[in-house]
Amino acid sequence: MKKIAVVGTGYVGLVTGVCLAEIGHDVTCIDVDQEKIDLLKSGKSPIYEPDIEELISKNVASGNLRFSLETQDAYEVDVIYIAVGTPQKKDGSADLQFVEEVAKRIAHRVKNDVVVVTKSTVPVGTNHFILKMIQEHLQAEVRVDIASNPEFLREGSAIYDSFNGDRIVIGVENDRAALILEEINKPFNIPIFKTDIRSAELIKYAANAFLATKISFINEIASICEKVGANVEDVSMGMGKDQRIGSQFLNAGIGYGGSCFPKDTNALLHIANEAGYQFQILSSVVKINETQKSVLIKKAKERLGTFHGKKIALLGLSFKPNTDDMREAASIDISNQLVEEGANIIAFDPVAKNAAKKILHPTIQYVDCIKEAIQDADAVFILTEWKEIVHFPITNYVKLMKHPIIFDGRNCYHLEEISQHSIDYYSIGRTTSK
Ligand code: UGA
C-alpha cells in the first residue's frame, strides 16, 4: 500500500484516485476548487460516470480515500499524480500552465522523497520540464523521480476500463520509479508496458491519433459506399474480421468529438510541426472529421429544401452515449446551423440536458422524452446512439410524425426494419431511402 496524492479532481484525476483507493492505496485527491471538494466530500461526483459515486462512498468509508484543498499535509505522500487539464491553445498546442503550477506547488510542499507521475496528456518532453521546474523550486533536500503513466480511459466506461485495460504504460528513467509504479499498479492485474519517458508521452498521442484515423477512414469509406451503393456496416464488419485491422472503432457516423480526440490530434500535429515534420495523414483525419459533422445537414437540405420554420427534433446531444459531456459534440455545429437557418429545435438527451443548455443556442427547447420531441416534427436528427434512442420503437415515428423523415447520424436502426414502414430514412454510408 502506498500513500498517494492525486492533484486535480477532473475526469482523469478523480477516476485515477478512486480506482487507486479501490485497489488498496491510501489516496488524497487534491483540488483548488472549494466547491468541487465540498461536493466530493458529500459523496457526490462532479462528473457523470457509472459506478463512481458508489466507489467514492465505499472508499471514503473504508478510510482509503479523502478529498482535500491544497494543503501542506496533502503532499506528505510517497507518490504524487499530476492529473490537471491540458486544454488546447489557439495554435493547437497543449496549454501547460496548470501542469507548471502543480510542479511549483510540489516543489514548495514535498518534505520526503517522492515519485511524481504525470497522468495528464502532455507533449513529449513535458515530464522532463516538470522535473526541471520542481528541481528549480525545491525547498527541501529530497529526491524527486518522474514517471509518465498516460491514461487510456473512455468516458462513460472509465471505471470499467481502469480494471480491464489492455495495458498500463509506464515511462521511467530509473529502476526506483519503475519499481514503485509496478508495485502500485500490480493489483489491477493488467499487463504493464515499460518504456522511456518520451516514448510513453508519445504513445498516448499516437494511440488517440490512430483511433481517430480509424474513424475518419471509415467515414470516408461510408461516403464511397453511398456513391457506389454499398453498405458501410457490412464493409466495416468484413474488414474488422481481419485481426490485423480489428473490428473496433470502425463505426461510421458524424465524426468524433469529446475532450480528447479533437484536442490530442491537434496537439500531435503541433508536436510534429514543431519537430519539423508534416504529419500528413493526421492533417487529413482532422479535416475529414470537420467535414463529417455537416453530412447530415447536407442530406437534410437536399430532402427538405429549407429549414426555415421547420420543427426539427434532435435526439442525443452529448458527444457519445453514457456521458453528459458536450465538448466538441456534433450537436453543437449541427444545432447552430439549423437555428441559423430558421429551424425550431426540440431536443432530447437522457443525461446531457443541463450541460447542453449551457452551450447550445438559447432558443432550443428541451423535453424529457423522445415521444414529446418527435411529436409533429417535420424531421428528426439522431446525433448520439443512446440506448434509449436505439431501442425506441420505429412505429412511434410513424404514429407521432406528420410524415416521418429521419436523418440518422449514428446508424441506429436496421435498414430491414425501416423498410417495413413508410419512413424517409437517411443514414451514413447505407443507401436507403425511397
Ligand atoms: C478516447 C479514447 O478512446 C480513450 O482511450 C482515451 O483515454 C481518451 O479518449 C482520452 O484521451 O482521455 P473518449 O474521448 O472518452 O475516449 O471517447 P471514445 O469512446 O473514444 O469516442 C470518441 C469519439 O469517437 C466519440 O464522439 C464517438 O462517437 C466517436 N466514435 C468512436 C466514432 O465515431 N466511431 C467509432 O467507431 C468509435
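Predicted model: local features only at pLDDT ≥ 70, side-chain atom pairs only at ≥ 80, totals over all residues.

1. Lysine 36 belongs to helix α2, residues 34-41. Beyond the residues within four places in sequence, its contacts are Thr9, Asp31 and Pro46.

2. Arginine 327 sits in the loop that links β9 (311-315) and α13 (330-340). It has 17 other C-beta atoms within 10 Å and is therefore partly exposed. Setting aside neighbours within four places in sequence, arginine 327 is in contact with Gly258, Ser259 and Phe319.

3. Both residues carry the UniProt annotation "binding site", which comes from an unreviewed entry and also covers Asp31, Thr86, Thr121, Glu155 and Lys263. These positions span 297 residues in sequence, and their farthest two C-alpha atoms are 24.2 Å apart, so they do not all gather at one spot.

4. Now to the ligand: which residues are closest to it? They are Glu155, Asn251, Tyr256, Gly258 and Cys260, out of 21 residues that surround the ligand. Two elements, α8 (197-228) and α10 (261-274), each give two or more residues to this shell. The most come from α8, which gives three residues.

5. On composition, the shell around the ligand divides into ten nonpolar, six polar and five charged residues. Domain 1 (3-195) and domain 2 (204-291) each supply at least three residues to the shell.

Conventions. Residues numbered from 1 in each chain as written. Near = placed C-beta within 6 Å. Helix = DSSP H or I, 4+ residues; strand = E, 2+ residues; numbered from the N terminus. Nonpolar A, V, L, I, M, F, W, Y, C, P; charged D, E, K, R; others polar. Domains from an automatic or database assignment. UniProt positions renumbered as here; feature names shortened; annotations may be inferred. Contact = placed C-beta atoms within 7 Å. Buried ≥ 20, exposed ≤ 12 C-beta atoms within 10 Å, placed from the backbone.
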